[in-house]
Amino acid sequence: MKAQLVTLNTHLNLHKFTTKQYQLMYETGIFAESDRYELINGEIREMSPIGIKHAVCVTRLTKIFEQKLGDRTIIWAQNPILLSDYSQPQPDVAILKWRDDFYASALPTPEDIFLIIEVADSTIAYDRDVKRLLYAANGIPEMWLFDLNQQIIEGYSQPSASGYKRSQRYEQGDTLSLLAFPDVIFNWEALI
């Protein structure tokens with residue numbers, strides 16, 4: 001008697017959350033204030049705890065960008081941005097267009113963003129493979145990814161639906177500038 005191979009066609013129904021539903025969850029207290037989540041493509045994802053290297057780098061970047069860009073921008077550190085009806089990530093740093101209300105009336109959207117920075121020590125694959133593609137697909141003009149373990153900065157520009165078309169790697173001795181502010185030069189050593 002021959003054994004029969006049985007295949008089961010299982011179809012899981014996944015519920016994708018909207019940003020409105022996600023916000024309502026926060027407002028009604030489903031999440032604790034100390035919980036760290038972000039909404040990515042309709043999925044609520046737990047964020048990694050912030051280690052000391054990560055915290056120091058984000059703090060340093062915030063200070064340097066404030067000093068160099070002054071009142072031309074708003075430095076939005078570890079706060080949510082609204083990319084679509086299904087994505088509300090929390091990048092480590094977002095360089096935003098100046099608004100007098102400091103975005104009190106609505107979260108920043110892609111049209112408000114000059115640059116997104118993600119700082120990674122334990123989340124490099126997630127930041128590179130998930131968030132980078134999300135930012136590109138939503139038209140964020142530029143993204144920098146800080147790999148604290150390898151001590152490199154990856155710069156991405158020219159967003160498209162399938163990812164960024166241009167990438168550049170920055171190492172010790174290199175300088176960087178934002179596409180929106182090419183006159184403002186940053187030294188790799190100061191940023192890392």
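Helices (H or I, at least four residues) and strands (E, at least two) are DSSP runs, numbered from the N terminus. This model is predicted, so to speak of local features pLDDT must be at least 70, and side-chain atom pairs count only at pLDDT 80 or more, while totals for chains, interfaces and linings use all residues. Residues are numbered from 1 along each chain as its sequence is written, and side-chain values use heavy atoms, with hydrogens and water left out.

Start with the whole chain. It has four helices and 10 strands. From the N terminus on, their order is α-β-β-α-β-β-β-α-β-β-β-β-β-α. The C-alpha trace spans about 75 × 40 × 35 Å along its principal axes. Of the 192 residues, 42% are buried. Buried means under 20% relative accessible area, exposed over 50%, and partly exposed in between (1.4 Å probe, protein chains only).

Next, the sheet. Six strands form an open sheet in the order E3-E4-E5-E6-E7-E8, with mixed pairing. Two strands pair if DSSP finds at least two bridges between them. Strand E3 (73-77) and strand E8 (163-170) are the edges, each pairing on one side only. Neighbouring strands are turned by 20° against each other on average, direction ignored. Strand E7 (residues 152-160) pairs with E8 in the antiparallel sense, over seven bridges. There, proline 159 has tyrosine 164 of E8 as its bridge partner.

Two helices lie across this sheet. H2 lies across E3, E4, E5 and E6, and runs at about 155° to E5. Helix H3 (residues 124-137) lies across E5, E6, E7 and E8, and runs at about 175° to E6. Axes here are lines fitted to C-alpha atoms, for helices over the stretch in contact, and angles run from 0 to 180 degrees between N-to-C directions.

Now look inside. A nonpolar core is a set of buried Ala, Val, Leu, Ile, Met, Phe, Trp, Tyr and Cys residues joined through side-chain atoms within 4.5 Å. The largest such core has 26 residues, and Phe65, Trp144 and Phe146 touch the most other members. Helix H2 (52-69), strand E4 (93-97), strand E5 (113-120), strand E6 (142-147) and helix H4 (188-191) each give two or more residues to this core. H2 supplies the largest share, six residues. A second, separate core of 20 residues includes Leu83, Ala94, Ile124 and Ala136.

Take phenylalanine 146 in strand E6. It counts as buried because its relative accessibility is 0%. Contact means heavy atoms within 4.5 Å. The C-alpha atoms of phenylalanine 146 and valine 58 are separated by 10.0 Å, at 88 residues apart along the chain.

Serine 87 lies in the loop between E3 and E4. Serine 87 is buried because its relative accessible area is 0%. Among the residues that serine 87 touches are Thr19, Leu39, Asn41 and Leu134.

Last, the largest pocket. Its volume is about 260 Å³. Its lining has 20 residues, of which Arg36, Met47, Ser48, Thr123 and Asp127 lie nearest the centre. H3 gives the largest share of this lining, three residues.

Definitions and conventions
1 Å grid on protein atoms, 1.4 Å probe; cavity = no way out; pocket = protein on both sides within 12 Å on 5 of 7 lines; lining within 4 Å. Points joined across faces, edges and corners; volume = space filled by probe spheres on them. Lists of a residue's contacts leave out its neighbours within four places in sequence.
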